[in-house]
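Subject: Structure handover

Hello,

My notes come after it.

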Amino acid sequence: MKYFEKYTSNTLAAGGSQTMFQSDGTAATGRIFYKIFAAGEYGYSLLFQNIMDSTFSDGSNSSVGNLCDEWEILGARIYRSDIADPRAVKDGVALTFGGKASKTVAPGELFCSDEIPLSFQAGEYMCVDIAFRGKLMPCHAESVLPVFVNTGDGFAASRNTPMPCMIGSNRKVKKRVVYLGDSITQGCGTPVDSYAHWAAKVSEQLGGEYSFWNLGLGFGRASDAATDGSWLFKAKNCDVAVVCFGVNDLLRGYSPRRIADNLGKIVTLLHQNGVKVLLQSVPPFDYGESTARLWYETNRLIESELAPEADAFFRPYLAVGKSATEPHAARYGAHPDAEGCLRWAELLYPVLKELIERV
């Protein structure tokens, strides 16, 4: 896709189609706030998709590869703001799609807005306004961003709105880094709008010479990414992928052998597209006794079979495990809090930096 030849992510926020929401077809407006990572004036183009990246919860609402219905973008605007307050934005710039203010989105479509020049300071908010209408549309139900919807009575916190999956800018970077994982990678467990998740903190340490795209999604599984669908397609368009899966696969009863095989497939598919891979073992979580035993066996397979195939390897339990005798247990919460994520980032940093520098 030519989009990726020009545009790269310029926020540390996670984005993607996690699940679907239903509407009666009444027009509404979503308002989402993203902190911009690298300051400067660039051409921006936002990427959207109308297909599910992963399986949400037990799959009863949406599963990997599901297509949403046709829906409409009635209009879209971008605002600059110092605060994430839906009442504070003004003087926005209109987005267009193929030169038009509106767009009919087809099931399964991956599309982008036309480029517009915009200037932001680092840490300043890009507020994305999307007026939409449809019956079954994509959303990011567990987003840790400030997300609001105005249905006519003012803006209220709600994630029932389509959201971009990349805040793309034509900023030139040395390398493009992608984080591919579940809710822990996404940042669940850290406060909304804090950008305190481990992927954001290690990105800040690496600095603005690089771009970072967080594709972490709550409930995400290695089995989903291994289907080689929209989720992995996006990751293939980067230079370095940091892969962290396994918690949800274990909780859904997948065997250690199946999890390792799916992770191996992910590594192989990324390698076939020229992407270097930093593979992580399965993180600690609040596992029951029987699942904990499977955690040890899964990580044994990953470390003995997959770590040698990856370009770099990291064990998250060294950062956020409860102790040397209970590495499967979560010291900073099942979804690590800000303190745990900072420790994770600090230990991961030299491993990721070394890999990036030799790519």
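This is a predicted model: local features need pLDDT of at least 70, side-chain atom pairs count only at pLDDT 80 or more; totals for chains, interfaces and linings use all residues.

**Whole chain**

The chain holds 10 helices and 19 strands. Its C-alpha atoms fill a box of roughly 55 × 40 × 35 Å along the principal axes. The radius of gyration is 19 Å; a compact globule of 359 residues would come out near 21 Å, so the chain agrees with that expectation. Of the 359 residues, 60% are buried.

**Helix α3 and its surroundings**

Helix α3 covers residues 198-206, and helix α10 covers residues 338-358. The two pack at an angle of about 50°, with axes 8 Å apart. An angle of this kind makes α3 oblique to α10. Their crossing is right-handed.

Which residues make this contact? From α3 come W198, K201, V202, Q205 and L206. From α10 come C341, L342, W344, A345, E346, L348, Y349, L352, K353 and I356. By class, the residues of the α3–α10 contact split into 11 nonpolar, one polar and three charged.

An α-helix has 3.6 residues a turn, so residues three or four places apart point the same way.

Which residues of α3 are buried? They are W198, A199, A200, V202, S203 and L206. W198, V202 and L206 also belong to the contact with α10. Helix α10 is one of the elements covering the buried residues of α3. The cover also includes strands β15 (176-181), β16 (211-214), β17 (240-244) and β18 (276-280), along with helix α2 (183-186).

**Loop residue K135**

Where is K135? It is found in the loop between β10 (125-134) and β11 (136-139). Leaving aside neighbours within four places in sequence, K135 is in contact with F21, Q22, S23, D24, G25 and D69.

Best regards

Methods. Residues are numbered from 1 along each chain as its sequence is written. Side-chain values use heavy atoms; hydrogens and water are left out. Axes are lines fitted to C-alpha atoms, for helices over the stretch in contact, and angles run from 0 to 180 degrees between N-to-C directions. Helices (H or I, at least four residues) and strands (E, at least two) are DSSP runs, numbered from the N terminus. Angles under 35 degrees count as roughly parallel, over 145 as roughly antiparallel, 65 to 115 as roughly perpendicular and the rest as oblique. A crossing is left-handed if the near helix is turned anticlockwise from the far one by less than a right angle, and right-handed if clockwise. Contact means heavy atoms within 4.5 Å. Ala, Val, Leu, Ile, Met, Phe, Trp, Tyr, Cys and Pro count as nonpolar, Asp, Glu, Lys and Arg as charged, and the others, Gly among them, as polar. The radius of gyration is taken over C-alpha atoms; the globule rule is 2.2 Å times the number of residues to the power 0.38. Buried means under 20% relative accessible area, exposed over 50%, partly exposed in between (1.4 Å probe, protein chains only).
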